[in-house]
Amino acid sequence: MKSPARRTSYGVKGAPYAHPSPATALRRARSAPYFFLVPAILLFALFFALPIGYAVWLSFRKVRVSGLGLGAGARDEVWAGLGNYTDALSDSELLDGALRVLGYGCVVVPVMLGLALLFALMLDSEKVRLAPFTRLAIFLPYAIPGVVAALLWGFLYLPDVSPFYFVLDRFGLPQPDLLDGGPLYLALSNIAVWGGTGFNMIVIYTALRAIPAEVYEAAKLDGATPLQIALRIKIPMVAPSLVLTFFFSIIATLQVFSEPTVLKPLTNSVSTTWSPLMKVYQDAFGNGDIHAAAAQATLIALATLVLSFGFLRATNRRDKQEATR
């Protein structure tokens, strides 16, 4: 009687299992992470890199109209070089929108980050009560879509339907028009602060909770008061989180679009080109000049990149200088 055939590794008959060489195993180990990155790289290329590249390509083109612009071949897309960029840099409406956004940011960023830091420090206090409910209440406005929030506040700003104006009228108090003139900046800033404070507060609060309790205990043994602990220990130790939130706030401010667009039908003080992104939208879909809009969008992206990179580099240089002291 014949003995059963010998089975090698994995139950396969015949030749024994051939182990890969050390060089092959090392090569496989090094290439494995790239296979996991393939889905993310494909999504990044399809939905981020390609649209940006196409927008840059459109920014160097323009439509040439022959004759009356009627009939086949009357409109041709030709190379424009830097013409769209020079036109954008000399466009008074785009520059005025950039100045308006600058003033808007000077109100939004300090107030929003200041409130976020204050709320985070209060929630991190030992005597705070109902902390989970308070965190949720502060963060909840961030979960509301920006368009819905702007529409909600827009109706609260209208004198005819706002309950605030009803109360002011009952008490004989002045009723300011928040959708006209200078108060318009405060009205728009209020929407951004109301919606963005909760997100920044969560980021700062998470950093505060990561600080070891031994640091606070040592400060208390040295006689530090809660205010001194907050100013001299907590705030310096969450400085990276403050930098991160400031970075995100700058980008969000430069890209403001929803709030003024939603409030535009409610007031004549908001034009179709109030912000740079509104100018891009108006040129692309209102005027039908997609090539000029692409050049303006590219300039806005470059300005955002330069400001963000400059801010991060200045912050890193300051951290290195403090570390060498």
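These legends accompany a set of close-up views of one predicted model.

The model is a prediction, so local features need pLDDT of at least 70 and side-chain atom pairs count only at pLDDT 80 or more, while totals for chains, interfaces and linings use all residues. Residues are numbered from 1 along each chain as its sequence is written, and side-chain values use heavy atoms, with hydrogens and water left out.

**View 1**
Helix α9 spans residues 226-237, and its buried residues are Ile229, Ala230, Ile233 and Lys234. These residues sit on the same side of α9 because they cover an arc of only 130° around the axis; the arc is that of the directions from the helix axis to the C-beta atoms. Look to the other side of α9 for Leu227, Leu231 and Arg232, which are exposed. Here buried means under 20% relative accessible area, exposed means over 50%, and partly exposed lies in between (1.4 Å probe, protein chains only). Helices (H or I, at least four residues) and strands (E, at least two) are DSSP runs, numbered from the N terminus. The packing partners of the buried α9 residues are α3 (92-123), α7 (183-209) and α8 (213-221), where contact means heavy atoms within 4.5 Å.

**View 1. Alanine 120 in helix α3.**
Follow helix α3 to find alanine 120. With a relative accessible area of 0%, alanine 120 is buried. Setting aside neighbours within four places in sequence, alanine 120 is in contact with Met201, Ile204, Tyr205 and Leu208. For one of these, isoleucine 204, the C-alpha to C-alpha separation from alanine 120 is 6.2 Å, although the two are 84 residues apart in sequence.

**View 2. Helix α4 crossing helix α7.**
Helix α4 (residues 131-143) and α7 have axes that come within 6 Å and cross at roughly 130°. That angle makes α4 oblique to α7. Axes are lines fitted to C-alpha atoms, for helices over the stretch in contact, and angles run from 0 to 180 degrees between N-to-C directions. Angles under 35 degrees count as roughly parallel, over 145 as roughly antiparallel, 65 to 115 as roughly perpendicular, and the rest as oblique. The α4/α7 crossing is left-handed; this label applies if the near helix is turned anticlockwise from the far one by less than a right angle, and right-handed applies if clockwise. On the α4 side, Arg135, Ile138, Phe139, Pro141 and Tyr142 meet Trp194, Gly195, Gly198, Phe199, Met201, Ile202 and Tyr205 in α7.

**View 3. Helix α10 against helix α13.**
The axes of helix α10 (residues 239-254) and helix α13 (residues 290-324) are 10 Å apart, and the helices pack at an angle of about 165°. This makes α10 roughly antiparallel to α13, and their crossing is right-handed. Helix α10 brings Val243, Phe246, Phe247, Ile251 and Leu254 to the contact, and α13 brings Thr304, Leu307, Ser308, Phe311, Leu312 and Thr315.

Aspartate 283 and lysine 279 meet through their side chains in a salt bridge with an N to O distance of 2.5 Å. A salt bridge is a side-chain nitrogen of Lys or Arg within 4 Å of a carboxyl oxygen of Asp or Glu, and by this rule the count comes to 7. Aspartate 283 and lysine 279 are 4 residues apart in helix α12, so about one helical turn separates them. Aspartate 91 also forms a salt bridge with lysine 279, at 2.8 Å from N to O. This pair links distant parts of the chain, with aspartate 91 in the loop between α2 (83-89) and α3, and lysine 279 in helix α12 (residues 276-286), 188 residues apart. Aspartate 91 and lysine 279 are both buried, and aspartate 283 is buried too. Through shared partners, salt bridges join Asp91, Lys279 and Asp283 into one network.

Arginine 64 and aspartate 76 form a salt bridge in which the closest N and O atoms are 4.0 Å apart. Arginine 64 belongs to strand β1 (residues 61-65) and aspartate 76 to strand β2 (residues 75-79), 12 residues apart. Arginine 64 counts as partly exposed at 45% relative accessibility, as does aspartate 76 at 30%.
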